[in-house]
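I open the notebook on a structure I have not looked at before.

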Amino acid sequence: MKIDVLTLFPEMFVALDSSLMGKAKEKGLFELNCHNIRNYSIDKHKKCDDTPFGGGAGMVMTPQPIHDCINAVDPKHKAVRIYMSPRGKRLNQQIVKELSQNSDLLILCGHYEGVDQRVIALDIDMEISVGDYVLSGGELPAMTLIDAVLRYVPNVLGNSQSTVDESFSSDLLEYPQYTRPQEFCRLSVPDVLVSGNHQNIEQWRREQSIEITRRVRPDLLEDK
Ligand code: SAH
């Protein structure tokens, strides 16, 4: 998979150089290119923002550098072009799974009050939000999306079973996990998990999943 990110702050993406994503990148399982929108500004001071027409607080990112950057990076419109935005469709595991089927993604990160609407009209295929709250920039949302999508790319996760069992993969939250030691601060691991009876373990995990989902996210059960 190839991912192009358009941002005013490419240095933020070092966060993806660590842990699982860092290893996957090293192994060449995906290609991540961060493009600095500022390099595409034709303004003599490389300006990329201006005051909003109609007044109001803050600055808006100007369309020219973004439009030129998108069309330089993806001239044939091969990529699914995404703008990270609180006005977008709220990200969920289903959208993550669908996006992971594409070979090319382009992700635009806004800043300040966001981007000029004409860039969205001209160049963007979909807007995605990471939740009902406002962040100062699209970089953390973009990294969230990239991490979630790459987990579906073959061999990125050590154990490919991981995306099958975990939370949301079956509209349920995951069951509680335990590891060594068997007793910790006088709390023991549930007996069933050390029983060796795989059928009972599976049943216990399913019951726990349903119970936890009912308690903290009943909406996931209602949606079914
Ligand atoms: N004025 C805008 C918010 C701009 S926040 C509004 O009220 O809708 C600045 C940038 O941060 C946005 O352009 C977007 O790229 C990013 N951003 C902020 N919150 C986000 C969220 N919940 N999901 C995805 N991107 C977000």
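**Charged pairs**

Which residue forms a salt bridge with Asp 74? I looked it up and found Arg 81, with the closest N and O atoms 2.8 Å apart. I note that the model is predicted. I then checked burial for this pair: Asp 74 is buried, and Arg 81 is buried too.

I went on to Asp 132. Its salt bridge is with Arg 90, and the closest N and O atoms are 2.8 Å apart. Asp 132 sits in the loop between β7 and α5, while Arg 90 belongs to strand β5, so this pair ties together parts that are 42 residues apart in sequence. Is Asp 132 buried or exposed? I read a relative accessible area of 64%, and exposed means over 50%, so Asp 132 is exposed.

Next I took Asp 116. It forms a salt bridge with Arg 118, the closest N and O atoms being 2.7 Å apart. Asp 116 has 15% relative accessibility. Buried means under 20%, so Asp 116 counts as buried.

I also found a network of salt bridges that links Lys 2, Asp 4, Lys 78 and Asp 104. My count for the structure comes to eleven salt bridges.

**The sheet**

In what order do the five strands of the open sheet lie? I wrote down β2-β1-β6-β5-β7, with parallel pairing. β2 (31-36) and β7 (126-129) are at the edges. Each has a single partner strand, so one side of each has no neighbour in the sheet. From one strand to the next, the twist averages 30 degrees.

For Val 5, the bridge partner in β6 is Ile 107.

Then I checked what packs here. α5 touches β1, β2, β5, β6 and β7, and its direction makes about 160 degrees with that of β6. Helix α2 (residues 63-73) lies across β1, β2, β5 (80-90) and β6. It runs at about 165 degrees to β1.

**Helix α1**

I turned to α1 (residues 19-26). Its buried residues are Met 21, Gly 22 and Ala 24. Why are they on the same side of α1? They cover an arc of only 165 degrees around the axis, which puts them there. The face turned away from the buried side carries Ser 19, Lys 23 and Glu 26, which are exposed. α5 (139-150) is included in what covers the buried residues. Just after α1, I noted a positive phi of about 75 degrees at Gly 28.

**The cores**

How many residues does the largest nonpolar core have? I read 30. Ile 3, Leu 99, Leu 145 and Ile 146 have the most contacts inside it. At least two residues of this core come from each of β1, α1, β5, α3 (93-99), β6 and α5. α5 gives the most, with seven residues.

Leaving aside neighbours within four places in sequence, Ile 146 is in contact with Ile 3, Val 5, Phe 13, Leu 16, Leu 32 and Ile 107. A second, separate core has 17 residues, including Ile 37, Val 73, Ala 79 and Ile 120.

Terms used. Residues are numbered from 1 along each chain as its sequence is written. This is a predicted model: local features need pLDDT of at least 70, side-chain atom pairs count only at pLDDT 80 or more; totals for chains, interfaces and linings use all residues. Side-chain values use heavy atoms; hydrogens and water are left out. Buried means under 20% relative accessible area, exposed over 50%, partly exposed in between (1.4 Å probe, protein chains only). Helices (H or I, at least four residues) and strands (E, at least two) are DSSP runs, numbered from the N terminus. The arc is that of the directions from the helix axis to the C-beta atoms. Contact means heavy atoms within 4.5 Å. Two strands pair if DSSP finds at least two bridges between them. Axes are lines fitted to C-alpha atoms, for helices over the stretch in contact, and angles run from 0 to 180 degrees between N-to-C directions. A salt bridge is a side-chain nitrogen of Lys or Arg within 4 Å of a carboxyl oxygen of Asp or Glu. A nonpolar core is a set of buried Ala, Val, Leu, Ile, Met, Phe, Trp, Tyr and Cys residues joined through side-chain atoms within 4.5 Å.
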